[in-house]
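Reader: I am new to this structure. How do I start reading it?

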Amino acid sequence: MHIPGPDPQDDGGASAVAAAGGLHRYQLRLHEVYGPVVRFQLPGAATAVSVADPVLLEATAHLDERPGELFAFLDPLCEAGNLQVLPADEHTPWRRLLLSVLAGRPAHERHFAHFTGAARELADRWAGRAGGEPVELQQELTALSLRMICGFALGGADADTDVGRVAAAFEEVLTEHLGRLYQVPRADPRSAERAEEALAYLRATVDRVVAAHRPAGRTDRSDLIGALVEAGESPARIRDTVMVTLLAAHHTTGVAVSWTLHLLGRHPEAADRVAAELDRVLGDRAVPDYGDLRRLTYLDMVLKESMRLFPPGPYGARTTSEDLVVGPYEIPAGATVFYPFWAVHLNPEHWPEPERFDPERFTPERVARRARYAYVPFGIGSRGCEGAALATVEARAVLAVFLKRLRFDAAPGRAVTPVERFVLWARDGIHMTVRARDGHPREPAP
Ligand code: HEM
């Protein structure tokens with residue numbers, strides 16, 4: 001059956017994407033008009049097909065190749081081959097190794113106090129602000145998650161490693177590379193040169209951590225660089241892995257927490273319930289232990305519902321190596337298949353009243369009744385996010401620290417507009433006022 005979609009345009013689809021305000025908004029609109037499977041044009045993808053139906057997505061879950069052109073902007077960050085588009089035979093062992101650290105409890109437990117400590121410093125700063133000036137959450141929280149992931153990724157670092165400087169250098173590199181991707185003019189004429197210097201500094205830092213590595217005899221599954229060294233990965237691949245981990249981890253986790261606080265500000269009844277759960281589980285403690293997380297079930301439902309409504313990474317892409325049958329359609333070999341996570345999460349067939357914030361959608365009973373790929377904030381199949389479990393631990397830890405003590409309300413007169421900027425980003429930031437919860441002191445808890 002012919003896949004529906006708009007008529008071809010001479011510019012290869014560029015102006016249609018721009019007019020819609022970015023690729024994921026364009027995909028949302030296409031699915032509204034043409035249904036769950038849509039064919040469209042895109043510069044860099046001769047045949048592009050987007051699939052927004054969770055059941056049809058199952059037929060694509062085995063695809064194990066990404067389209068090179070769409071991810072070419074990451075080439076300069078990798079020395080030993082762009083990790084986003086590695087061929088499957090190289091990608092599979094790399095993924096397994098990454099998962100053995102990022103997805104495991106030892107790593108989460110070991111780094112947990114560092115996560116809550118960083119969140120608590122920020123909460124102290126906010127709680128101490130005079131005059132109720134709003135804070136801009138998105139910048140603050142992406143900076144916080146960058147600090148958390150730098151500490152995590154350089155877990156074997158010696159005392160000389162300045163995590164603050166590593167985070168600043170990475171920010172410099174990323175601003176330059178994303179600036180090129182989105183054609184943002186840069187004010188500083190030396191920005192390219194400074195990004196090169198920052199990249200060299202980051203690589204040298206990783207090399208120093210690698211050189212200082214002492215084989216533990218038995219692999220320490222909380223030490224990312226240690227695990228890569230012990231698996232015999234090349235120094236260049238280790239440097240690349242750290243870079244890609246920082247890149248994949250920091251904006252995504254930061255915006256996940258920002259969007260959650262934004263939604264709680266709009267839904268005070270849900271914020272009350274989160275606060276009551278935290279009081280019940282933590283008692284007088286200001287900060288959770290790792291073991292508390294599994295008892296914060298409502299907080300987890302709120303986070304999931306927030307990532308449904310605002311998926312931090314709004315789409316994924318694969319290439320078909322042979323013809324593929326998806327429901328009544330045939331997608332030819334060599335096509336780019338898009339996963340429009342946002343459109344999947346707003347599909348009314350699977351999410352009644354899709355725009356409504358309702359954490360109850362994530363009770364275990366309702367999750368069990370839903371199609372497997374109806375909720376896919378971390379992607380699909382063998383290229384799905386290796387950091388999903390770690391990101392969830394980080395986000396829940398940070399939210400628990402904040403919401404035990406503080407209450408966040410939308411700052412008046414500030415619109416919040418989601419736009420595409422590598423992640424689903426609020427165009428003018430997320431401004432909120434922060435106040436101590438009733439009965440909770442403004443000053444840091446002892
Ligand atoms: C809330 C936070 C996060 C979200 C929503 C998120 C989402 C995603 C998505 C949608 C993808 C693409 C998946 C696909 O193509 O099917 C991805 C890939 C990836 N993510 Fe995450 N991510 C998050 C945090 C993290 C963290 C904390 C790490 C590492 C510590 C991480 C590491 C990666 C890596 C390495 C990839 C590339 C996967 C591959 O090619 O094998 N992410 N992530």
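Author: We start with a term. A cavity is a set of grid points where a 1.4 Å probe fits but cannot get out, and its lining residues have an atom within 4 Å of a point. Keep in mind that this is a predicted model.

Reader: Which residues line the second largest cavity?

Author: Leu 154, Val 166, Leu 202, Thr 205, Val 206, Val 242, Met 243 and Leu 246 line the second largest cavity. The space inside the second largest cavity is about 40 Å³. Helix 8 (191–211) and helix 10 each supply at least two of its lining residues. Seven residues of this lining are nonpolar, one is polar and none is charged.

Reader: How many cavities of 30 Å³ or more are there?

Author: The count is three.

Reader: What is the volume of the largest cavity?

Author: The largest cavity has about 80 Å³. Its lining includes Leu 261, Leu 264 and Gly 265. Phe 408 and Arg 437 are also among the lining residues. By class, the lining of the largest cavity has eight nonpolar, one polar and two charged residues.

Reader: Now the pockets. What is the volume of the second largest pocket?

Author: A pocket, unlike a cavity, is an open set of points. The second largest pocket has a volume of about 610 Å³. Of its 27 lining residues, Leu 28, Glu 32, Trp 342, Leu 346 and Glu 355 are the closest to its centre.

Reader: Which helix gives the most to that lining?

Author: Helix 2 gives the most, with five residues. Helix 2 (23–34), helix 10 and helix 13 (341–345) each supply at least two. The lining of this pocket divides into 15 nonpolar, five polar and seven charged residues.

Reader: Let us turn to the ligand. Which residues come nearest to the ligand?

Author: There are 30 residues around the ligand, and Arg 66, His 91, Arg 318, Cys 385 and Glu 386 come nearest. Sort this shell by class: 16 residues are nonpolar, eight are polar and six are charged. Now sort it by element. Helix 10 gives the most, with six residues. Helix 4 (88–102), helix 10 and helix 15 (388–405) each supply at least two.

Reader: Which atom of the protein is a donor to the iron atom of the ligand?

Author: For a metal, look for N, O and S atoms within 2.8 Å. Here the iron atom has a single donor from the protein, Cys 385 (SG), at 2.3 Å. Cys 385 sits in the loop between helix 14 (364–369) and helix 15.

Reader: How far is an oxygen atom of the ligand from a polar side-chain atom of Arg 66?

Author: The distance is 2.7 Å. Arg 318 also has a polar side-chain atom 2.7 Å from an oxygen atom of the ligand. For Glu 386, an N or O atom of the side chain is 2.6 Å from a ligand oxygen atom.

Reader: Next, single residues. Why does His 24 count as buried?

Author: Buried means under 20% relative accessible area. His 24 has 2% relative accessibility, so His 24 counts as buried. His 24 is found in helix 2. A polar contact of 3.2 Å joins the side chains of His 24 and Glu 420.

Reader: Is Ala 249 buried or exposed?

Author: Ala 249 is buried, with a relative accessible area of 14%. Its place is in helix 10 (residues 235–266). Compare sequence with space here. Ala 249 and Met 148 are 101 residues apart in sequence, yet their C-alpha atoms are 9.3 Å apart in space.

Reader: And the backbone? What is the phi of Glu 353?

Author: First, the general idea. Most residues other than glycine have a negative phi. Glu 353 has a positive phi of about 45°, although it is not a glycine. Glu 353 lies in the loop between helix 13 and helix 14.

Reader: Is Glu 353 buried or exposed?

Author: The cut-off for exposed is over 50%. Glu 353 has a relative accessible area of 51%, so Glu 353 is exposed.

Methods: Residues are numbered from 1 along each chain as its sequence is written. This is a predicted model: local features need pLDDT of at least 70, side-chain atom pairs count only at pLDDT 80 or more; totals for chains, interfaces and linings use all residues. Side-chain values use heavy atoms; hydrogens and water are left out. Helices (H or I, at least four residues) and strands (E, at least two) are DSSP runs, numbered from the N terminus. Buried means under 20% relative accessible area, exposed over 50%, partly exposed in between (1.4 Å probe, protein chains only). A residue is near a molecule or strand if one of its heavy atoms lies within 4 Å of it. A polar contact is a pair of N or O atoms within 3.5 Å; within protein, one must be able to donate a hydrogen and the other to accept it, and residues adjacent in sequence count only if both atoms are side-chain atoms. Ala, Val, Leu, Ile, Met, Phe, Trp, Tyr, Cys and Pro count as nonpolar, Asp, Glu, Lys and Arg as charged, and the others, Gly among them, as polar. Donors are N, O and S atoms within 2.8 Å of the metal (3.2 Å for Na, K and Ca); water is not among the atoms, so sites may look incomplete. On a 1 Å grid over the protein atoms alone, a cavity is a set of points where a 1.4 Å probe fits but cannot get out, and a pocket is an open set with protein on both sides within 12 Å along at least five of seven lines; lining residues have an atom within 4 Å of a point. Grid points are joined across faces, edges and corners, and a volume is the space filled by probe spheres set on the points.
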